[in-house]
Amino acid sequence: MGFLKKHIYTVLLIVASFVLIWQNISNSKWRENQIIRSDVAIYYTYLPATFIYGNPLFEGEVEQDSKFRIHTSPTGRNAVKMSMGVAMLETPFFLGGHLYALLDSRYEADGFSSPYHLSISLSSVFFTIFGLIFLGLFLKKRFSKTVTLLTLFFIAFGTNLYHYTVNETGMAHPPNFFLVAALLLLTDRWILDKKIWKSLLIGLVFGMIVLIRPINILFCVPFLFFLKQPEDLWKVHLQRLFLPLSHIVLIIVGAFLIMLPQLLFWKVQTGGFMYYSYRDEGFFWTNPHIWEGLFSFRKGWLLYTPMMFLALLGLIPLYKTKKEFFIGIVVFIVPFLYITFSWWCWWYGGGFGARTLIDILPFMAIPLAALLTWLLKNKVRMSLVLIPFFFVYLNNFQTWQYFKGYIHYDSMTKEGYKKIWWMTHTPEGYWELLQRPDYENAKLKGVEEEFVSVE
């Protein structure tokens, strides 16, 4: 018992990791070769092209929209909609899957047989687990061991990160969660002890975050506040942050190095170092859908991930105890939500909940931990900790509903949500209540005009 009490933090993380790995292998559709498809296939396409077919520039007659997910750039050469950031991170897993396929005669070593699907699926659980480890190391410096463990549990099993870790795997969200958590830990240690390798590594990690999703360049904003010591004047803080300038230069160099392969790829394939690969897709800055993104029955963040409502409430005690973190999150989240939900497809296609906001879970873990700290300080308030545990149960139940196809991937409505609430089957008349999004007008005008029933 003494060993367990002393190492409870590590033991529980190991147990949670095994649960996630087991569920990933059991639930994800790697056996049916259904991992490398849709967006995952676009992220992944660089890997087989480079390592198996020896064609990293997709030259000659290649199979568009089948084996390789590419399009023709303005220069006539082939380009890819997604950047190569996710593919870079998935490379070790891809190579492991390729080795397995080479050694087992049951599988084709073509980049698309079951071992490749399994390897990409397992990458998601790897990134989530190590993201949780890094986030835990960051939180432990500021909150108690109990609060840290509860926060990690609620983030891992009480948000839609769980779905993209064990069910719909291979997406960019677990890698982004991992990178942001790593950046929190790295910068926290860098500000107190600047080393050349730390500066370069911070640049590499931040460069990868931006490479995967360019609007995540906003993630630099909260760090300006997070790294401030409460006792420091702003002048002292900025000096500590930016001096000596050589370390800022090293961070920039690290970011440039990780993005260089992409820049060279774009230069060769499109004629310019920068290329807008989304082509006819864009933002509607004067018509953001922030309310829908947060509360809609189609994909509302706070509806399908109510744990984040508690995290937002946690900003109140966070202001009183760690004002720098409060300011950093508030200053960051307002423009981030505006930009995220100004995208023409504010619901971001098929998926469970507001999946693009998984990227900011490491930030939201901080006010969530502040709220838990406040609750656990008082015996009367302590009973309210049952609420996030209920949200964990609700998240798992709704994840199961989505996995079974009861919660529709893009066509939910208020009436449909009420009809399917706590149901383990689809009741009569349910499908007629759902409405397909108006993708065409949303892309052209930023406003949906025509709705058609799923049935």
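Predicted model: local features only at pLDDT ≥ 70, side-chain atom pairs only at ≥ 80, totals over all residues.
1. Is K81 buried, partly exposed or exposed? K81 has a relative accessibility of 24%, so K81 counts as partly exposed.

2. K81 forms a salt bridge with E281, and the closest N and O atoms of the two are 2.9 Å apart. This pair links distant parts of the chain, 200 residues apart: K81 sits in the loop between β2 and α5 (85-103), while E281 sits in the loop between α13 and α14 (290-295). E281 has a relative accessible area of 12% and is therefore buried, whereas K81 is partly exposed.

3. The whole structure holds 14 salt bridges. One of them joins the side chains of E59 and R77, with 2.9 Å from N to O. E59 belongs to the loop between α4 and β1, and R77 to the loop between β1 and β2 (78-79), so the bridge ties together parts that are 18 residues apart in sequence. Both ends are partly exposed: E59 has 45% relative accessibility, and R77 has 29%.

4. A salt bridge also joins the side chains of R298 and E448, at 3.0 Å from N to O. R298 is in the loop between α14 and α15, and E448 is in the loop between α23 (439-445) and β4 (452-453), so the pair ties together parts that lie 150 residues apart in sequence. R298 and E448 are both buried. Elsewhere, K141, R142 and D188 are linked in a network of salt bridges.

5. The largest nonpolar core has 136 residues, and those that touch the most other members are I155, F219, W301, M308, I360, F363 and I366. Helix α19 (residues 361-376) gives the most to this core, with eleven residues. For I366, the contacts beyond four places in sequence are F138, L139, F143, F226, L318, F325 and I329.

6. Helix α21 (residues 386-404) can be checked for length. Its 19 residues, at 1.5 Å a residue, should span 27 Å, and the end C-alpha atoms are 27 Å apart, so the two values agree. The buried residues of α21 are P388, F391, V392, L394, N395, F397, Q398, T399, Q401 and Y402. What covers them includes α7 (145-157), α8 (161-166), α15 (301-304), α16 (307-313), α19 and α22 (414-420). Just after α21 comes G405, with a positive phi of about 90°.

7. L183 lies in helix α9 (residues 173-190). With a relative accessible area of 4%, L183 is buried. Apart from residues up to four places away in sequence, L183 touches I202, V205, F206, I209 and F223. The C-alpha atoms of L183 and S342 are separated by 26 Å, and the two residues are 159 residues apart along the chain.

8. The other residue is E324, in helix α18 (residues 323-340). Why does E324 count as buried? Its relative accessible area is 16%, and buried means under 20%. Beyond four places in sequence, E324 is in contact with F225, F226, K228 and P230.

9. L243 and P244 are joined by a cis peptide bond, with omega about -5°. P244 is in the loop between α12 (234-242) and α13. N33 is not a glycine, yet N33 has a positive phi of about 55°; this residue is in the loop between α2 (8-27) and α3 (38-44). F58, a residue other than glycine, also has a positive phi, near 55°, and is placed in the loop between α4 (46-51) and β1 (71-72). N33 is partly exposed, at a relative accessible area of 30%, whereas F58 is buried, at 1%.

10. Which residues form a nonpolar patch on the surface? They are W197, L201, L204, V249, V253, F256 and L257, with about 620 Å² of accessible area together. Helices α10 (196-212) and α13 (245-270) each supply at least two residues of the patch, and α13 gives the most, with four residues. V253 lies in α13; V253 is partly exposed, with a relative accessible area of 35%.

Definitions and conventions:
Residues numbered from 1 in each chain as written. Heavy atoms only, no water. Patch = residues over 30% accessible without salt bridge, like charges linked within 9 Å, V, L, I, M, F, W, Y side chains within 5 Å. Areas by Shrake-Rupley, 256 points an atom, 1.4 Å probe, with all protein chains shown as cover. Salt bridge = Lys/Arg side-chain N within 4 Å of Asp/Glu carboxyl O. Buried < 20%, exposed > 50% of the residue type's maximum accessible area, 1.4 Å probe, protein only. Contact = heavy atoms within 4.5 Å. Core = buried A, V, L, I, M, F, W, Y, C linked by side-chain atoms within 4.5 Å. Expected span 1.5 Å × (residues − 1).
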